[in-house]
Amino acid sequence: MALDPSNKKATLTFSDGSPALDLPIHAGTIGPDVIDIRQLYGKTARFTYDPGFLSTAACDSSITYIDGDKGELLYRGYPIEQLATQCDYLETCYLLLYGELPSSEQKRQFDRTVTYHTMVNEQMQFFLRGFRRDAHPMAVMTGLVGAMSAFYPDSMNLNDPQQREISAHRLIAKMPTLVAMAYKYTVGQPYVYPRNDLSYAANFMRMMFATPCEEYKVNDVLVRAMDRIFILHADHEQNASTSTVRLCASSGTNPFAAIAAGVACLWGPAHGGANEAALGMLHQIQREGGVAKIGEFIASVKDKNSEVRLMGFGHRVYKNYDPRAKLMRETCHEVLQELGLQDDPLFKLAMALEKIALEDEYFVSRKLYPNVDYYSGIVQKAIGVPVQLFTAIFALARTVGWIAQLNEMIADPEYKIGRPRQLYVGEKRRDVTPIASRGVKHEKRAAERV
Ligand code: CMC
């Protein structure tokens, strides 16, 4: 989008006598202004340096807004608290994709469209069979989502808005089917086909937990919890996986390939893998002695040499409370109560660890609060979702956000392929010497690089 010019500017001066440069400043609707440095390299032959993008806005976007200091999250301007309590996931998807909440007729049509895309090509089963039964679900999901481009070649053209829309419906509709299939495959149970009379979340839970042996009874509290997990994870502005999807799609690849790249990125424990890592951490403390061992564990987290982190705590953007965590905490208590699990030792441990960390000076001074994944892991575990599948459910929920962001980028006439630059700190130009005369230093250097 062409940014509105503002009267504000920043002046960059150099200590080496190079001429100063005026840089335009653009204001968003809310949030920090940005200094527009697009002319910097052309005018000064210098780049900016910002590893981890701590100070870089990589794009303009009208989808999601986060105020990390206030602990605020808005989708298209609506607070997450209102969406999580007044809307369902498919309404949220509609909002993220089209910019407005749907009317009841628009919602009926959208729900119907998504519902009628939930089945996957039968051939997908045979593809899935190629994986080891004990493969990590995220390894399987990366493969399955990437493979969708082999199954749906009629909706691959990223530059055709209609094909983009069809691929969006397909991805949103088929992700629950694929995640459930990946699960059924690991436990050796028959796949359960989607049922069109159920809601999105209820259908997913049935595909996960039903067997042909008995009728599956939908539990409304658990379905609401799953739907809330979906809503809270639907988008989160330019996080690592979303930036990955944008960067990947900027090359003009197809939507399924770009979303598969997002799935791969989300897998990491510092991002979507955190809920799995948090549960793993709780299990470990449990094995080592439970609540009595919390003090020792917290001490190892604080030890600078230990590299132990309290998983499910801290966030790159939220330096106040993660607003999603508040909602998920509420759901967590609802679910534990519904299932009579309040006294389960693992959940008691989670609550005790949360309390101690929230009062500890180390965490308070660094503004480290529980994030959404601390509680979403506990909720999913209580519902019966195996720990290894947590991140796949996050990917399912985030798919709509990735698509909305990808669409926004592609529809922008000013979009360019993403191509960051670098500060080169390697060897200066040098000449190749014959192999017989190369010394040991080469071996050492090569080893150091590994
Ligand atoms: N446990 C212990 N110490 C921590 C933690 C933690 N979870 N997170 C940050 N710190 C400390 C860190 O050691 C550093 O201390 P010091 O200033 O003494 O060196 C300080 O807090 C700042 O840490 P940072 O690594 O600079 O913070 P960051 O903003 O780069 O990292 C984070 C954000 C999410 C990667 C990190 O908090 C973390 O690793 N958390 C655990 C993993 C996790 O739960 N991730 C899920 C994020 S929410 C899901 C999503 O949106 O993807």
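This is a predicted model: local features need pLDDT of at least 70, side-chain atom pairs count only at pLDDT 80 or more; totals for chains, interfaces and linings use all residues.

Reader: Why is the pair of Tyr 94 and Tyr 98 called tilted?

Author: Rings of Phe, Tyr and Trp (its six-membered ring) pair if their centres lie within 6.5 Å; planes under 30 degrees apart count as stacked, over 60 as edge-to-face and the rest as tilted. The ring centres of Tyr 94 and Tyr 98 are 4.7 Å apart and their planes stand at 55 degrees, so the pair is tilted. Both residues lie in helix H3 (residues 89–98), four residues apart; helices are DSSP runs of H or I with at least four residues, and strands are runs of E with at least two, numbered from the N terminus.

Reader: What makes Phe 313 and Phe 363 an edge-to-face pair?

Author: Their planes are at 65 degrees, with 6.0 Å centre to centre. Phe 313 lies in the loop between helix H13 (294–302) and helix H14 (323–338) and Phe 363 in helix H16 (residues 361–365), so the pair ties together parts that are 50 residues apart in sequence.

Reader: How do you know whether Tyr 94 is buried or exposed?

Author: Buried means under 20% relative accessible area, exposed over 50%, and partly exposed in between (1.4 Å probe, protein chains only). Tyr 94, at 12%, therefore counts as buried, whereas Tyr 98, at 37%, is partly exposed. Phe 313 is buried at 11%, and Phe 363 is buried at 2%.

Reader: Why is helix H18 described as largely enclosed?

Author: Of its 22 residues, 21 are buried, so H18 is largely enclosed by the rest of the structure. H18 also bends by about 40 degrees at Arg 398, the bend being the angle between axes fitted to the seven residues ending there and the seven starting there.

Reader: What makes S1 and S2 a pair of strands?

Author: Two strands pair if DSSP finds at least two bridges between them. Four bridges join S1 to strand S2 (residues 21–26), and the two run antiparallel. Within this pairing, Ala 10 stands opposite Leu 23 in S2.

How values were computed. Residues are numbered from 1 along each chain as its sequence is written. Side-chain values use heavy atoms; hydrogens and water are left out.
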